[in-house]
Amino acid sequence: LGASVGAFVASTNVTCTRFYSRVIYNRTAQELMDGLQQCMRDSLKEYHRVNNALPEKIVLYRDGVSDGQLAIVAEHELPQIIDTFPKIMPGYQPKLAVIIVKKKGNARFFAKMGSTSMVNPPPGTIIDHTVTNAEWYDFYLISQCARQGTVAPTHYNVIWDRTNFKVDHMQRLTFKLTHLYYNWPGTIRVPAVCQYAHKLAFLVGQSLHQDFNPELADRLFYL
């Protein structure tokens, strides 16, 4: 196709157990913006169809972004998403948070056990000071158990937040979302929606090479 494949997965119920999925083909940055807008519009319409209301708050986890691309997301993708809301319904302005998810960092953390022993921190451990960026709203979350070696934390950078969530609530929400991946009985490294999007993009890019039937959009057929 000559295009990269992105996936957009949105929860459509209060307990975050039902999902709506879409695929974005992007050869250029503009195609990505257009695709994001269309996905957001369609997801909100689906949410309205299921709940007969639109969400008051939206938390968007954006995976696949390096530190060098943060400005692109903040300056280009974010305004496009915000511009989408009034097109759904005049005057509709939900409270939005956008969080960048990064798995490739080199940071490792240990918990002290006794006076000499160092062990992996337990799942749910948050590191949000001293080693985080002084200019960012960011935190590290260890959500998994590592059977071997040192556990790798996931780095979350909140680049936009109008939700009025306390920092603690944002961190708890992120950790709880790592429990909701249907293919695994425990926690995973990222919020479940990110892993669903990764699986969908991989299936379309590697095997389907075309968009899927829209009737499957509310099914996790790619697991």
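The model is predicted: local features need pLDDT of at least 70, side-chain atom pairs count only at pLDDT 80 or more, and totals for chains, interfaces and linings use all residues. Residues are numbered from 1 along each chain as its sequence is written, and side-chain values use heavy atoms, leaving out hydrogens and water.

**Fold**
- The chain has four helices and nine strands. These are DSSP runs, numbered from the N terminus (helices: H or I, at least four residues; strands: E, at least two).
- Their order along the sequence is β-β-α-β-α-β-β-β-β-β-β-α-α.

**Burial**
- Of the 223 residues, 40% are buried. Buried means under 20% relative accessible area, exposed means over 50%, and partly exposed lies in between (1.4 Å probe, protein chains only).

**Salt bridges**
- The structure holds six salt bridges. Each is a side-chain nitrogen of Lys or Arg within 4 Å of a carboxyl oxygen of Asp or Glu.
- One of them joins Arg49 and Glu46 (2.9 Å, N to O). The two sit three residues apart in helix 1 (residues 29-51), so about one helical turn separates them. Arg49 is exposed at 55%, but Glu46 is buried at 12%.
- Another pairs Arg172 with Asp168 (2.8 Å, N to O). They are four residues apart in helix 3 (residues 167-177), again about one helical turn. Arg172 is partly exposed at 48%, and Asp168 is partly exposed at 36%.
- Arg219 and Asp218 also form a salt bridge (3.2 Å, N to O). Arg219 is partly exposed at 49%, and Asp218 is partly exposed at 27%.
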